[in-house]
Amino acid sequence: MFLFVKSSYSTLEEDCVEVARNLPRTVALRDSKRPRGPVVTVTPAAWTAFTADLRRQP
């Protein structure tokens, strides 16, 4: 079972991404507007690389 947390970069409205990192070898992502909708899963290494790249963007 994924335990989703709202992104700290999300707005106060419902426009946000939720991330779950409570399972080994899996990071799960979903749109908070669709909590029963699709979930995207990636490896922790892929998530780390993705977020590191976002931090490097101007």
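Predicted model: local features only at pLDDT ≥ 70, side-chain atom pairs only at ≥ 80, totals over all residues.
Strands and helices here are DSSP runs: a strand has at least two residues, a helix at least four, and both are numbered from the N terminus.

View 1. Which residues does Ser10 touch, leaving aside its neighbours within four places in sequence? They are Asp15, Cys16 and Val17. Now look towards the other end of the numbering: Gln57 is 47 residues from Ser10 along the chain, and the C-alpha atoms of the two are separated by 17 Å.

**View 2. The whole protein chain has one helix and four strands.** Start at the N terminus and follow the elements: they run β-β-β-β-α. The C-alpha trace spans about 30 × 30 × 15 Å along its principal axes. Of the chain's 58 residues, 22% count as buried. The accessible surface comes to about 4700 Å², and carbon and sulfur atoms make up 59% of that surface. Among contacts with a separation of 6 or more, 14% are between residues 24 or more positions apart.

**View 3. Phe4 is found in the segment before strand S1 (5-6).** Once residues up to four places away in sequence are set aside, Phe4 touches Glu18, Val19, Ala20, Ala28, Leu29, Arg30 and Val39. Another pair to trace is Phe4 and Val40, which are 36 residues apart in sequence and 12 Å apart in space, C-alpha to C-alpha.

**View 4. Arg25 lies in the loop between S2 and strand S3 (26-31).** Is Arg25 buried or exposed? Its relative accessible area is 69%, and exposed means over 50%, so Arg25 is exposed.

**View 5. Trp47 and Phe50 both lie in helix H1.** The two residues are three apart, about one turn of the helix. A search of the whole structure finds two aromatic pairs. In the pair formed by Trp47 and Phe50, the ring centres are 5.7 Å apart and the planes meet at 35°, so the pair is tilted. The two partners can also be compared with the cut-offs for burial. Trp47 counts as buried because its relative accessibility is 14% and the limit is under 20%. Phe50, at 45% relative accessibility, counts as partly exposed.

**View 6. The largest pocket holds about 310 Å³ of space.** Rolling a probe the size of a water molecule over the atoms shows where empty space is left. Which residues line the largest pocket? They are Ser7, Ser8, Tyr9, Val17, Val19, Trp47, Phe50, Thr51, Leu54 and Arg55. Strand S2 (17-23) and helix H1 (44-56) are the elements that give two or more residues to this lining. Helix H1 gives the most, with five residues. Sorted by kind, the lining residues are six nonpolar, three polar and one charged.

Definitions and conventions. Residues numbered from 1 in each chain as written. Heavy atoms only, no water. 1 Å grid on protein atoms, 1.4 Å probe; cavity = no way out; pocket = protein on both sides within 12 Å on 5 of 7 lines; lining within 4 Å. Points joined across faces, edges and corners; volume = space filled by probe spheres on them. Nonpolar A, V, L, I, M, F, W, Y, C, P; charged D, E, K, R; others polar. Buried < 20%, exposed > 50% of the residue type's maximum accessible area, 1.4 Å probe, protein only. Contact = heavy atoms within 4.5 Å. Areas by Shrake-Rupley, 256 points an atom, 1.4 Å probe, with all protein chains shown as cover. Phe/Tyr/Trp six-rings, centres within 6.5 Å; stacked < 30°, edge-to-face > 60°.
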